[in-house]
Amino acid sequence: MIPASPGGTWGELASSLKQSLDYDQLTNCMRCGFCLPACPTFRETGIEAESPRGRIALMKAVADGLMDPDAAFETQMNHCLGCRACEPACPADVKYGQLLEQARSSIEMHTKTHRWWVKTLRKAAFDGMFPHQGRMRLLGGALQLYQRSGLRKLVRGAGLMRLFPAPMREMEAILPDAAYKGVVEQIGAFHPAKGDRIATVGLFRGCIMDVLFTETNKHTVELLNEAGFDVVIPDAQNCCGALHAHSGEQEGAKSLARRNISAFEAAGVDWIVSNAGGCGALLVEYDHLLHDDPQWSGGAAWFAKRAVDVSKLLVEHGLLQASVQTAVPVGTQGAATARVGASDIGSTASSPAGGEVLAADPGRRGSCGGSNGATPPAAAVEMVRITYQDSCHLRNVMRSSDAPRTLMRSVANAEFIELAESDRCCGSAGIYNLTQPEMAGQILDHKMEQVKRTNAYYLLTSNPGCLLQMKLGIEKHGMSGDMQAVHLVDFLHERICVR
Ligand code: SF4
Ligand code: SF4
């Protein structure tokens with residue numbers, strides 16, 4: 001047992017934790033240990049305190065007044081990836097993620113141990129950037145300038161990157177091309193369904209997604225249109241608040257959630273679609289985030305019920321018959337058809353006749369909203385081997401691991417290989433790879449050992465953080481010539497829309 005420290009900062013933290021931790025959840029844990037093998041930090045260290053059970057025991061000891069928290073307590077909470085792989089493994093349904101957020105929220109109010117650059121970066125990002133769309137656009141513009149003007153070459157050539165901590169240097173090296181204009185600025189806010197309309201969906205465009213992965217947002221719109229959805233992109237939406245919530249900035253997360261609820265309610269949408277597991281996982285938990293706010297709890301429940309990942313919406317509610325077979329695998333004849341789509345569409349939308357999957361209109365084949373349908377690029381028609389790294393939050397919180405696989409298996413000319421331990425976190429975990437680089441690097445190395453074994457060309461994933469981490473892994477392990485990390489939506493778009 002960690003000895004109690006007298007009063008001061010630790011004493012304040014202890015009081016704060018006693019107030020914020022949900023005691024029912026702490027006592028729900030029956031110490032069975034089923035969660036241990038699922039936990040990446042326990043697997044890496046074998047230390048009980050680095051496991052879900054160990055962390056819950058530490059929190060309960062503080063709540064019971066048996067110990068005051070200290071630096072070691074903080075370290076254990078900070079070492080947790082927040083991947084929530086422990087939750088599906090738990091027979092007692094302990095809401096570990098909620099306990100972690102409560103603990104981190106208290107720590108954030110009283111900590112004295114953050115490194116200076118972590119503190120500075122957090123403050124700048126959480127308060128100064130993410131909540132402000134205009135500033136995110138400016139950041140995108142500045143990054144675009146840096147990347148395309150030759151400045152990057154100059155900075156690297158002069159060795160100036162050495163002034164930054166290693167995790168930031170590594171991240172800079174794999175950042176995709178940034179954009180000054182986001183999805184709305186580039187293609188507008190409303191996009192009608194192709195053919196019969198099933199429902200109206202609101203695209204959650206994200207903050208980092210819309211600066212660094214604007215093309216993925218555009219491709220998401222086109223796939224949704226192809227699958228029969230009107231798409232609106234409410235302009236008043238903002239960052240989801242996930243990074244805030246996972247880092248203990250609860251009030252910041254709540255304020256962002258309120259603004260998103262207003263924006264999507266005003267748009268009158270049937271579904272709210274996310275293409276980033278990390279964002280989506282908070283969107284479906286807005287009801288929990290705002291459960292004690294009488295003014296907003298109703299709106300939060302409305303929002304959470306409608307939030308869904310794009311892959312799940314396409315598979316379970318969409319109508320998408322993708323005639324993606326534009327090239328013939330060696331040794332076969334004729335064109336096959338890959339079907340992705342499904343049947344019942346819930347109470348908020350009308351069902352197509354007989355629940356049949358609609359055929360794509362030959363008149364619009366190859367368009368998918370933007371492509372001219374001309375000769376497909378070789379990359380879109382060659383037989384490829386693909387594999388998939390789960391986004392932890394998509395899998396463990398949104399409980400959506402089947403839908404991405406259904407989509408990947410439906411694509412012609414693509415051989416899907418399951419990645420061993422794809423359900424284990426890649427080490428990205430929001431900004432974990434920046435704040436806990438040693439553990440993140442260790443986890444990534446083990447991940448890449450498994451990735452190598454697949455011999456896949458495309459390593460697909462469904463979250464920007466995971467995607468950047470996979471790009472980093474490919475780079476660090478010298479696999480750039482043999483493999484590409486790509487968002488699942490971009491891969492589907494290439495195979496379905498570009499033909
Ligand atoms: S959230 Fe992930 S890292 Fe944290 S205790 Fe659960 S399984 Fe372990
Ligand atoms: S599986 Fe659940 S009940 Fe069992 S030790 Fe882990 S958190 Fe506690």
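Tutor: Asp70 caps α5 at its N-terminal end, with a side-chain oxygen 3.1 Å from the backbone nitrogen of Ala72. Such a polar contact is a pair of N or O atoms within 3.5 Å; within protein, one must be able to donate a hydrogen and the other to accept it, and residues adjacent in sequence count only if both atoms are side-chain atoms. Helices (H or I, at least four residues) and strands (E, at least two) are DSSP runs, numbered from the N terminus.

The model is predicted: local features need pLDDT of at least 70, side-chain atom pairs count only at pLDDT 80 or more, and totals for chains, interfaces and linings use all residues. Residues are numbered from 1 along each chain as its sequence is written, chains are lettered from A and ligands numbered from 1 in the order written, and side-chain values use heavy atoms, without hydrogens or water.

Helix α5 spans residues 71-79. Its buried residues are Phe73, Glu74, Gln76, Met77, Asn78 and His79. Buried means under 20% relative accessible area, exposed over 50%, partly exposed in between (1.4 Å probe, protein chains only).

Next, ligand 1. Its shell has 13 residues, and Cys39, Cys80, Cys83, Arg84 and Cys86 come nearest. A shell residue has a heavy atom within 4 Å of the ligand. α3 (40-45) and α4 (52-63) each supply at least two of the shell residues.

Now the sheet. Four strands form an open, parallel sheet in the order β9-β8-β10-β11. β9 (414-416) and β11 (484-487) are the edges; each has a single partner strand, so one side of each lacks a neighbour in the sheet. Neighbouring strands are turned by 35° against each other on average, direction ignored. Axes are lines fitted to C-alpha atoms, for helices over the stretch in contact, and angles run from 0 to 180 degrees between N-to-C directions.

Helix α23 (residues 402-410) packs on this sheet and touches β8 (384-388), β9 and β10. Its direction makes about 180° with that of β8. Contact means heavy atoms within 4.5 Å. Helix α26 (residues 464-476) lies across β10 and β11, at about 175° to β11.

Strand β10 (residues 458-461) joins β11 through four bridges and β8 through three, also in the parallel sense. Two strands pair if DSSP finds at least two bridges between them. Ile386 stands opposite Tyr458, whose bridge partner in β11 is Gln484. Thr461 stands opposite His487 in β11. Both faces of β10 are covered: Tyr458 and Leu460 are buried on one side, Leu459 and Thr461 on the other.

One residue elsewhere. His191 sits in strand β1 (residues 190-191). It is buried, at 11% relative accessible area. Its side chain reaches the backbone oxygen of Gly188 at 2.9 Å. Leaving out residues up to four places away in sequence, His191 touches Val221, Asn225, Phe229, Asp230, Val231 and Ile233.

Finally, the whole protein. It has 27 helices and eleven strands. Of its 499 residues, 59% are buried. Among contacts with a separation of 6 or more, 79% join residues 24 or more positions apart.
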